Amino acid sequence: MAENEQTADGGIKAFVIGSPITHSRSPMIHGHWLKTLGIAGSYEAITVDSGELADFVDALKSGKNGFTGGNVTIPHKEVVFELADHVDETARLIGAANTLWLEDGRLMATNTDAYGFAANLDNCSPGWDACEKAVVLGAGGASRAILYALIERGITDIRLINRTVSRAEALAARFGPTIRPGGMQDLSAALDSAGLFINTTSLGMDGAAAPELDFSTMKPGALVTDIVYVPLKTPFLTKAEAQGMKIADGLGMLLHQAVPGFAIWFGTRPEVTDELRQMIINDLELHA
Ligand code: ATR
């Protein structure tokens with residue numbers, strides 16, 4: 001539990017820092033929970049450029065800016081890791097932190113992306129982790145959190161496919177023999193009889209092109225999911241659905257990854273409801 005610092009008006013203050021930060025949906029998510037749970041507090045988006053991060057963290061640690069904690073996003077997820085006093089096992093294995101809080105005067109850091117990924121699938125596709133073989137497309141920062149979640153759930157055969165094979169090989173070396181790296185040319189063979197596919201790349205985001213994948217060789221009832229949520233139904237999901245696969249969109253992961261942070265800062269565990277999901281969908285449509 002964080003030291004819940006109170007502002008003059010009695011509210012607990014949390015933040016999301018990054019650059020750019022204007023498109024972050026986190027203030028809307030946390031603001032909704034604060035309102036519906038009747039908690040006096042605030043959650044604000046603050047633009048912090050790379051050159052300003054160390055000063056922001058210093059002010060946070062000294063209590064000068066009055067924050068209890070907050071979220072960290074691009075481009076600070078890896079760097080903030082070095083500035084925290086304690087980084088938990090999850091964030092260390094993933095190599096990035098997205099959630100900070102003060103505890104006994106120390107700045108703590110964790111990563112809730114792996115939790116958000118798994119909690120979303122637990123919610124919308126229970127039993128998803130019973131599959132033996134999973135295919136992960138992409139070997140960037142987002143991929144590391146997904147790999148962590150898959151390994152933690154005991155999936156024993158993970159095919160990691162990336163355009164730049166050396167990045168997939170580096171992650172296989174980091175996470176161990178469960179991960180079998182490959183290049184794009186290995187993708188269709190990897191999909192054969194797999195129970196789960198996850199796109200962790202930006203392919204298909206904001207109307208960008210995505211390769212036409214054939215999901216039909218996956219196991220019957222296989223699940224195809226995407227971490228991209230703009231558009232909500234990405235080209236990968238559209239194709240998979242047309243081929244009779246189960247699908248899960250990326251918005252659920254965004255909503256669920258916010259839960260642990262809110263619980264730490266504000267002391268109450270919030271729910272991811274249909275109302276919250278619809279609110280964010282409406283906002284995404286408004287700004288499409
Ligand atoms: P993030 O932290 O969001 O995961 P990243 O570290 O830049 O971002 O990783 C982006 C991922 O998308 C990488 O796996 C990248 O492949 P490379 O490692 O080969 O760059 C993948 N990616 C981005 N654009 C792609 C494209 N047009 N085709 C295939 N993969 C692409």
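How far is the sulfur of Cys 131 from the closest cysteine sulfur? It sits 14 Å from the one in Cys 124, so that's too far for a bond. Keep in mind that this is a predicted model, where local features need pLDDT of at least 70, side-chain atom pairs count only at pLDDT 80 or more, and totals for chains, interfaces and linings use all residues. Residues are numbered from 1 along each chain as its sequence is written, and side-chain values use heavy atoms, with hydrogens and water left out.

**Cysteines**

- You'll find zero disulfides here (a disulfide being a pair of cysteine sulfur atoms within 2.5 Å).
- Cys 124 is in no disulfide, and with a relative accessible area of 43% it is partly exposed (between the cut-offs of under 20% for buried and over 50% for exposed, 1.4 Å probe, protein chains only).
- Cys 131, at 11% relative accessibility, counts as buried.

**Around the ligand**

- Thr 164 has a polar side-chain atom 2.5 Å from a ligand oxygen.
- Arg 167 places a polar side-chain atom 2.9 Å from an oxygen atom of the ligand.
- Ala 142 uses its backbone instead, with an N or O atom 3.1 Å from a ligand oxygen.

Terms used
Polar contact = N/O pair within 3.5 Å; in protein donor to acceptor, adjacent residues only side chain to side chain.
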